[in-house]
Amino acid sequence: MATLAGQRSEKLANRLGEGAGQLKLLALMLYDWAAGRYPNLPRTTLLSITGALVYFMMPLDAIPDPILALGLLDDLGVLAKVWQQCQVDIVKYQDWKQDKEGETSEQ
């Protein structure tokens, strides 16, 4: 699911704007947790991110995605709320990811 959400965010990047990068980061965060690489994800954050990604992937939601200009508005609203609620854990994940990338480049 995380990879599908990442692919969909890339596909809709022009319409999502900054939300595309946020969505991709949340998908990577969930993917790293599921792969066991990042086990430090609190349950509430895990559930919030999973819920946001499922909502984003559902073609039929509060405002169907094919409706121009409004279709992704509800998706972006859910994403913004999750981003705000999980900000502390997102920053911790970004720091962890940068540390991991730094370790890889040093080897």
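Author: A crossing is left-handed if the near helix is turned anticlockwise from the far one by less than a right angle. Keep that in mind as we look at this predicted model.

Reader: Thanks! What is the handedness of the crossing where α3 passes α4?

Author: Here α3 passes α4 in a left-handed crossing.

Reader: Which residues in α3 and α4 meet?

Author: From α3 come Leu23, Leu26, Ala27, Met29, Leu30 and Trp33, and they meet Thr45, Leu46, Ile49, Thr50, Leu53 and Phe56 of α4. Sorted by class, this contact has ten nonpolar residues, two polar ones and no charged ones.

Reader: How do you know what pattern the protein chain follows along the sequence?

Author: The protein chain has six helices and zero strands. Reading along the sequence therefore gives α-α-α-α-α-α.

Reader: What share of the protein chain's residues count as buried?

Author: Buried means under 20% relative accessible area, and 36% of the 107 residues count as buried. The accessible surface of the protein chain is about 6600 Å², with 59% of it belonging to carbon and sulfur atoms.

Reader: What percentage of contacts between residues at least 6 apart join residues at least 24 apart?

Author: For the protein chain, that figure is 60%.

Notes: Residues numbered from 1 in each chain as written. Predicted model: local features only at pLDDT ≥ 70, side-chain atom pairs only at ≥ 80, totals over all residues. Heavy atoms only, no water. Helix = DSSP H or I, 4+ residues; strand = E, 2+ residues; numbered from the N terminus. Contact = heavy atoms within 4.5 Å. Nonpolar A, V, L, I, M, F, W, Y, C, P; charged D, E, K, R; others polar. Buried < 20%, exposed > 50% of the residue type's maximum accessible area, 1.4 Å probe, protein only. Areas by Shrake-Rupley, 256 points an atom, 1.4 Å probe, with all protein chains shown as cover.
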